Amino acid sequence: MRRSALRFPCQFIVIILLFTFIMIPNVEAKSGLENIVLDTRSLAMINKPGVVLVQTVWTADLTLYEFAFTSGFEDDLTNAVGSLVESGEIPNTEQAMYSVMVQLMIENMASYIFTTGNTYVEEASTAAVGTGFIVTPDGYLITNAHVVATNEEELYYNFVVNTLQDYAIEGTNSFASEMRTVGYDMSQEEIDGLMNAFYNILSYQIDINNLQTSYQCYLGNVIPGSDVSAKGVGLDLRKMGVPIPGKDVAILKIDKTNLPTVTLGDDTKLRTGDKVYAMGYPAVATLSDALNVAQAIQEPTLTSGIISARKEMSGGWSILQTDAAIHGGNSGGPLFNEAGEVIGINTFGMLDQNSGAQVAGMNFAVPISVVNQFLNEINVKPIESQFTTQYKKALSFFQGEKYSEALDILRGLNETNPGYPVVAELLAEARSLADQQPKGEPTNAVPTISTNIEIDENTTNMKRILLIVGGAISIIVLILVIVFLVTSKKRRKSKEDIISVDSTPKPKSLDSNSKNCVKCGKTLSIDSRFCSGCGYDFSSQNQYPSNCVKCNQPIEASDKFCKGCGTKVDEVVKDTN
């Protein structure tokens, strides 16, 4: 029973100790944000700083060739119109004839031009815009491949549109003015058609040399004492896939530190009907002449929808279909789940084959799992920046009405990372509310969002407590083990002593006619003078023999009783004498 009683607490403590160390990794494993649903406003505020407008800029030297129309162009137009009138295909009126002439001119202009031999060179540039999102503190950024890819045919036309627009406008206006002198006002459709014809002619008569491609993104920038603006920061292209129908992903790098980041999620858990949010810079809501473009390029647009389906691309990989509204410029932007994690890249929308217009509610996003493949190939691991962690914490304090605590964090962020409008706006609001809040007034308000920093702190505190408890239990176990070992050793020694005493041969019981040798313990006759066993001389023994004659236990001079049998020493002396 005693051994069982000692074993039970040791087993119990070992079980507790094992439970303690098993719990520590479990707490860490459950400390993510997978199951947290953010309100829409918090989702937008947290992710705005890490979502940026991406611009690809092409520059080149353009060699332009002067051209003129052949002398037969006007004659052929006149003859063609006359034939149509004679055949009755058009009415015999000036308006009808001029209208047909303009249309024939637009359709056949390129066939009646020739170069004069004169050339001139102009520096030209054109650009395309999209959206990107930052996934590491040191500036790795994700966007679509088609945002940064170069399509030569489109590029040539864009150079003409951007660089030679004045020439096309001048040629169109000159012809329209000439037509007005003969009493014909061209319609807007005819003017647009003629201008496109001039663009096409100019693009045929042009050489592009020294083509350079550069990339930049626009980070929010607040200049003290001025309006909000945005600042372009250079990007390096690190990896690029293939535009749709290929894996339309590109990875670029900003040469900066502690940048705001967004969190990547898991698209494999998505199901049809799950709510999603698209964030980006649609051109219609960013670059419109009716808007303040300087402000618009640092304020991404947020739209919401659901996962409509998961479709398969012709290349055999899946893509997410959503009805969240996206337009040109949204390309490369993040598609968030309700936890504020990126689960896809907004990439393209379907076009009506008849009208060419975009079909509402038919948009597609490259899954984030495809992005992870690209990141793994260049050994980039997404991680939340300290800026974002602190900003989340400040937002949590703010929503919990702890304005002073939020203010302290926001001031630090604005000093170390100046220029982010969302930080400046929240800082101003926190300062105003902190001034209105009575000093020292406790608040019972609970933050409406959970952040990584809070979970990290809670996890750290829990781990610290469990480690302390585990350490204390370990010490207790160690002490108990030592005590148990010492006690067991003493008990074993005591038992060995008992066994040793019990196992010593005892002399036979003496009667009045016998005695034991004080040296070897042999039983002898009472009148024996010498021991027949060892030759001991009884007549020469001292008054205090070294052994008891009854039990042969050693006797010291100071002993009054035999330790073996309890006989008085003087009785022993009497017997031996």
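Among the contacts in the chain with a separation of 6 or more (contact meaning heavy atoms within 4.5 Å), 70% join residues 24 or more positions apart. The structure is a predicted model, in which local features need pLDDT of at least 70 and side-chain atom pairs count only at pLDDT 80 or more, while totals for chains, interfaces and linings use all residues. Residues are numbered from 1 along each chain as its sequence is written, and side-chain values use heavy atoms, with hydrogens and water left out.

The chain holds 15 helices and 15 strands, which are DSSP runs numbered from the N terminus (helices: H or I, at least four residues; strands: E, at least two). Of its 577 residues, 40% count as buried, that is, under 20% relative accessible area, with exposed meaning over 50% and partly exposed in between (1.4 Å probe, protein chains only).

Leu155, Phe159, Val160 and Thr163 are the buried residues of H6. Seen down the axis of H6, they fall within an arc of 135 degrees (taken from the directions from the helix axis to the C-beta atoms), so they line one face of the helix. Glu153 and Glu154, on the other side of H6, are exposed.

Ser314 lies in the loop between strand S9 (301-312) and strand S10 (318-322). Ser314 counts as exposed because its relative accessibility is 70%. Its C-alpha atom is separated by 9.8 Å from that of Ile244, 70 residues apart along the chain.
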